Amino acid sequence: MFCVRCGKEGRTYDSLCASCYLQSNRFTQLPDHLNLQQCAHCDEYLMDKRWVHYDSDLDAVYDHVAANLKVRKDAMVRDLEIDAREIDRKSYHVHVMATVAHEDLETVEESETVVRFKRDACPRCNKIQGNYYESIVQIRPTGKRFSDDEKAEILKRSVSYVETASKESRDAFMAKAVEAHGGYDLYLSTIALGKGLARNLVSIYGAEYKESSSLQGRKDGVDLYRVTYLVRLPPYRVRDIVEIGGKLYLVQSTGPHSAKLRNLKHGDNLTMTNVDLRNVKVVGTKEDVKEAVVLGEGRRELQLMHPVTFETMDVRKPQGFERKGDTIKVFLHEGELYIIGN
Ligand SMILES: [Zn+2]
Ligand SMILES: [Zn+2]
């Protein structure tokens with residue numbers, strides 16, 4: 001075989017020798033200008049239809065250029081060297097050296113482009129700016145039970161739930177949090193986020209949960225609903241002391257369906273459904289627990305110094321209780337001392 005252009009003998013490509021073939025063929029192409037969309041609010045970049053976070057502008061420029069380099073189907077890019085120089089704060093001049101392979105040939109092709117940043121709002125930031133929401137989680141206490149600390153804690157827990165969700169989905173955000181009826185109304189970007197948060201609170205606090213939805217209109221032929229999740233917290237919390245049938249119990253844990261309680265006098269455990277506990281009487285919280293000095297210990301009893309009257313009192317040890325220090329935690333109720341624990 002010989003080259004039809006220069007006559008050189010040897011292997012040919014489309015009837016040309018290697019050097020004539022490479023002279024008249026180009027494998028890569030880059031547009032003169034590339035626009036790179038960046039959100040003016042969250043600074044993320046639109047890369048191949050997805051909004052992506054970059055730590056540095058340059059990395060975004062590299063990826064955008066690499067993604068827009070067109071390569072002929074019968075060739076392969078072996079190596080890509082991209083060099084970007086800032087023209088001004090909004091544009092970069094980019095020089096590309098692409099090492100390309102075609103059959104057994106390898107060549108280096110140079111190209112240049114200008115990448116211009118276009119600052120715009122991404123759909124998520126548009127929604128945030130517009131106070132967009134699809135669901136509301138209404139958190140309500142039972143009765144007056146909601147201390148400032150607890151309110152702050154539940155809001156913090158909800159915010160961190162949304163933050164975690166937003167790492168997995170860009171669509172997840174809290175539009176606003178408003179204090180309402182002794183609790184909070186949390187406005188959330190999606191129905192799934194509202195449902196997830198409501199269920200999370202239910203499972204942590206053993207709360208009651210009701211769902212209602214209303215039709216907001218239609219978009220692109222689809223009915224749009226807004227869903228409200230009412231999360232009513234129970235009257236008790238973990239570490240509270242409750243009275244059931246004249247006996248005192250410590251709330252050990254709460255869950256989506258039931259709570260675990262411990263009989264303070266005898267130490268035996270009891271599981272009760274959230275529904276059965278709905279109207280339980282709370283007689284104390286962890287703030288009411290006091291320290292009592294242990295004066296002596298028998299096989300069945302502890303001799304304690306009453307933390308208020310300083311009298312010596314014998315208190316029967318609950319089943320399975322083992323003292324660890326010189327003081328123990330007690331709860332005072334109607335003249336009696338109850339052992340809470342070490
Ligand atoms: Zn030739
Ligand atoms: Zn954005």
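Student: Is phenylalanine 310 buried or exposed?
Tutor: Phenylalanine 310 counts as exposed, because its relative accessibility is 58% and the cut-off for exposed is over 50%. Bear in mind that this is a predicted model.

Student: Where is phenylalanine 310 found?
Tutor: In the loop between β20 (301-305) and β21 (312-316).

Student: What about phi of phenylalanine 310?
Tutor: Phi is positive there, at about 60 degrees, although the residue is not a glycine.

Student: And what is phi of lysine 49?
Tutor: Near 70 degrees. That is again a positive value in a residue other than glycine.

Student: Where does lysine 49 sit?
Tutor: Lysine 49 is in the loop between β3 and β4 (50-52).

Student: Buried or exposed, that lysine 49?
Tutor: Exposed, because its relative accessibility is 78%.

Student: Metals now. Which residues coordinate the zinc ion (ligand 1)?
Tutor: Four cysteines, each through SG: Cys3, Cys6, Cys17 and Cys20. The distance is 2.3 Å.

Student: What is the arrangement of the four donor atoms around the zinc ion (ligand 1)?
Tutor: Tetrahedral, because the donor atoms subtend angles of 104 to 116 degrees. The test asks for all angles between 85 and 135 degrees.

Student: What would the ideal angle be for four tetrahedral donors?
Tutor: The ideal is 109.5 degrees.

Student: How are the donors of the zinc ion (ligand 1) spaced along the chain?
Tutor: The spacing is C-x2-C-x10-C-x2-C. Cysteine 3 and cysteine 17 make a pair that links distant parts of the chain, 14 residues apart. Each of these two lies in the segment before α1 (18-24).

Student: Are cysteine 3 and cysteine 17 buried or exposed?
Tutor: Both are buried.

Student: Which residues does lysine 8 touch?
Tutor: Met1, Phe2, Cys3 and Cys17, leaving out residues up to four places away in sequence.

Student: Where is lysine 8 found, then?
Tutor: Lysine 8 is in the segment before α1. Lysine 8 is exposed, because its relative accessible area is 51%.

Student: How far apart are the C-alpha atoms of lysine 8 and alanine 192?
Tutor: They are separated by 69 Å. Along the chain the two residues are 184 residues apart.

Student: Next, the zinc ion (ligand 2). What coordinates it?
Tutor: The SG atoms of Cys39, Cys42, Cys122 and Cys125. The distances are 2.2 to 2.3 Å.

Student: What arrangement do the four donor atoms around the zinc ion (ligand 2) have?
Tutor: Tetrahedral, because the angles run from 104 to 117 degrees.

Student: And how are the donor residues of the zinc ion (ligand 2) spaced in sequence?
Tutor: They follow C-x2-C-x79-C-x2-C. One pair linking distant parts of the chain is cysteine 42 and cysteine 122, 80 residues apart. Cysteine 42 is in the loop between β2 (33-39) and β3 (45-47). Cysteine 122 is in the loop between β8 (105-120) and α3 (123-129).

Student: What is the relative accessible area of cysteine 42?
Tutor: It is 22%, so cysteine 42 is partly exposed. Cysteine 122 is buried, because its relative accessible area is 0%.

Student: You mentioned β8. Is threonine 107 buried or exposed?
Tutor: Threonine 107, in strand β8, counts as buried because its relative accessibility is 19%. The cut-off for buried is under 20%.

Student: Which residues does threonine 107 touch?
Tutor: Beyond residues up to four places away in sequence, Leu22, Phe27, Ala98, Thr99 and Val100.

Student: Helices. At what angle do α4 and α5 pack?
Tutor: Helix α4 (residues 148-168) and helix α5 (residues 191-205) pack at about 135 degrees, with axes 11 Å apart. That angle is why α4 is oblique to α5. The crossing is right-handed.

Student: Which residues in α4 and α5 meet?
Tutor: From α4, they include Ile154, Arg157, Tyr161 and Ala165. From α5, they include Leu193, Leu197, Asn200 and Ile204.

Student: Last one. Where is lysine 210, and what is in contact with it?
Tutor: Lysine 210 is in strand β12 (residues 208-219). Its contacts are Thr228, Tyr229 and Leu230, leaving aside neighbours within four places in sequence. Lysine 210 counts as exposed, because its relative accessibility is 54%.

Terms used:
Residues numbered from 1 in each chain as written. Chains lettered and ligands numbered in written order. Predicted model: local features only at pLDDT ≥ 70, side-chain atom pairs only at ≥ 80, totals over all residues. Heavy atoms only, no water. Donors = N, O, S within 2.8 Å, 3.2 Å for Na, K, Ca; no water. Tetrahedral: all angles 85-135°; square planar, octahedral: opposite > 155°, others 65-115°. Helix = DSSP H or I, 4+ residues; strand = E, 2+ residues; numbered from the N terminus. Buried < 20%, exposed > 50% of the residue type's maximum accessible area, 1.4 Å probe, protein only. Contact = heavy atoms within 4.5 Å. Axes fitted to C-alpha atoms, helices over the stretch in contact; angles between N-to-C directions. Parallel < 35°, antiparallel > 145°, perpendicular 65-115°, else oblique. Left-handed = near helix turned anticlockwise from the far one by under 90°.
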